[in-house]
Amino acid sequence: MRIVSILPNFKDENSINYRINIGFINKLSNLCEYTGVKAYGKNGINHTAKELYGKYEPDAMLLLAHSDVLDGYLRNIPCLKVMISVDFRKIIERKKYNWYKNNEFDLVIQRGVYDTSIFNKNIGVPCVWVPYSADEKVFSPGKWKINKIGFAGTMSGFYVQRIKAIELLTKENLIDNGGRINGPNYITFLQNHIGMITSTEDDSPYAKTFEITASGSMLLSSGFFNINTILAKDSYVLYKKDCSDLVEKARWIINNKDECAEMSKKSYKNFLEKHTDDIRTKELYSHI
């Protein structure tokens, strides 16, 4: 199969967005005749779909963003058209559910929210869930040095639960808030903390869930739908979504280093068996 993906004119290959989205999609080159093309930016299109189809004659073309400049981009292109939906929240906020049908997509790959019935009901295009993963060649367990709960990520207004959790742990001096970290420093930050916290605002596992388990740190999570089919039993610590027991659970991790080590080993084994980029790319390719 010959596949072309339409990529933004990205600059920072060390960014989290690049790693979990663009870098992941580019790994299709291990499975088929694949080309990723930097075709657009905020200011517009620099390669049209018609131009790329004529040059590569692909069996499928992939889009990774709901950018306004891409509205209508793949319309009338005579091949399989696949949307890799990594920012569906924009569609929800704008209530533009017809975006997929109007752009003539044949398949939507949802990477965030587990319940694809929401998408099938509203968008009128077949949708499958291909969850996030982590690169087994980049992430690996480290030796804990910091006996605190770590956090790395953004604190935008959407993450209400996350903001509350971090405020509570900060008040009790139980957290090391690294903020938004890119590149190798991000991996080291995960490896160096006995536990890492993540929130689940939309009841689904974010990419950070798998990156934490791949780094050998204890996952402190508020849980998500069908969590026991994703993570190994007794390999993570749950806190309630209202954060009422969060401080207690964080202290348990900090005070039980040996037990956390065993649980984290189980979590890492589960990651290698189910959630590496290599495994997930094959899942993606099978759907395409």
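Glu136 is partly exposed, at a relative accessibility of 22%, where buried stands for under 20% relative accessible area, exposed for over 50%, and partly exposed for what lies in between (1.4 Å probe, protein chains only). Its partner Lys137 is exposed, with a relative accessible area of 69%, and the two side chains meet in a salt bridge with an N to O distance of 3.4 Å. A salt bridge is here a side-chain nitrogen of Lys or Arg within 4 Å of a carboxyl oxygen of Asp or Glu, and by this rule the count comes to 13 salt bridges.

The model is predicted, so that local features need pLDDT of at least 70 and side-chain atom pairs count only at pLDDT 80 or more, whereas totals for chains, interfaces and linings use all residues. Residues are numbered from 1 along each chain as its sequence is written, and side-chain values use heavy atoms, with hydrogens and water left out.

**Salt bridges**

| Pair | N to O distance |
|---|---|
| Lys137 and Glu136 | 3.4 Å |
| Lys265 and Glu262 | 3.6 Å |
| Lys282 and Asp278 | 3.5 Å |

Lys265 and Glu262 both belong to helix H11 (residues 257-274), where they stand three residues apart, about one turn of the helix; helices (H or I, at least four residues) and strands (E, at least two) are DSSP runs, numbered from the N terminus. Lys265 counts as exposed, at 54% relative accessibility. Lys282 and Asp278 lie in helix H12 (residues 277-287) and, because they are four residues apart, are separated by about one helical turn. Both members of this pair are partly exposed, Lys282 with a relative accessible area of 43% and Asp278 at 36% relative accessibility. Salt bridges also link Lys27, Asp135 and Asp277 in a network.

**Cavities**

Two of the residues in that network, Asp135 and Asp277, return in the lining of the largest cavity. A cavity is defined on a 1 Å grid over the protein atoms alone as a set of points where a 1.4 Å probe fits but cannot get out, and lining residues have an atom within 4 Å of a point. Grid points are joined across faces, edges and corners, and a volume is the space filled by probe spheres set on the points. The search of the whole structure finds two cavities of 30 Å³ or more.

The largest cavity holds about 50 Å³ of space, and its lining includes Arg19, Ile20, Phe24, Arg111 and Glu211. Helix H1 (residues 16-26) supplies the largest share of this lining, three residues. By class the lining has four nonpolar, one polar and five charged residues, where Ala, Val, Leu, Ile, Met, Phe, Trp, Tyr, Cys and Pro count as nonpolar, Asp, Glu, Lys and Arg as charged, and the others, Gly among them, as polar.

The second largest cavity contains about 30 Å³ of space, and among the residues that line this cavity are Phe151, Arg162, Ile197 and Tyr239. Helix H6 (160-171) and strand E10 each supply at least two residues of the lining, the largest share, three residues, coming from H6. This lining divides into five nonpolar residues, two polar and one charged.

Not counting residues up to four places away in sequence, His193 touches Trp144, Ile146, Lys148, Ile149, Gly150, Asp176 and Ser217, a contact being heavy atoms within 4.5 Å.

Val4, in strand E1 (residues 2-8), is likewise buried, with a relative accessible area of 1%. Leaving aside neighbours within four places in sequence, Val4 is in contact with Thr35, Val37, Tyr56, Pro58, Ala60, Met61 and Leu62. For one of these, Ala60, the separation from Val4 is 56 residues in sequence and 6.5 Å in space, C-alpha to C-alpha.

**Positive phi angles**

Most residues other than glycine have a negative phi. Asn226, although not a glycine, has a positive phi of about 60°; this residue is found in the loop between strand E11 (218-221) and helix H9 (227-230) and is partly exposed, with a relative accessible area of 35%. Cys243, again not a glycine, has a positive phi of about 65°. Cys243 is found in the loop between strand E12 (237-238) and helix H10 (246-255), and counts as buried at 5% relative accessibility.

Conventions. 1 Å grid on protein atoms, 1.4 Å probe; cavity = no way out; pocket = protein on both sides within 12 Å on 5 of 7 lines; lining within 4 Å.
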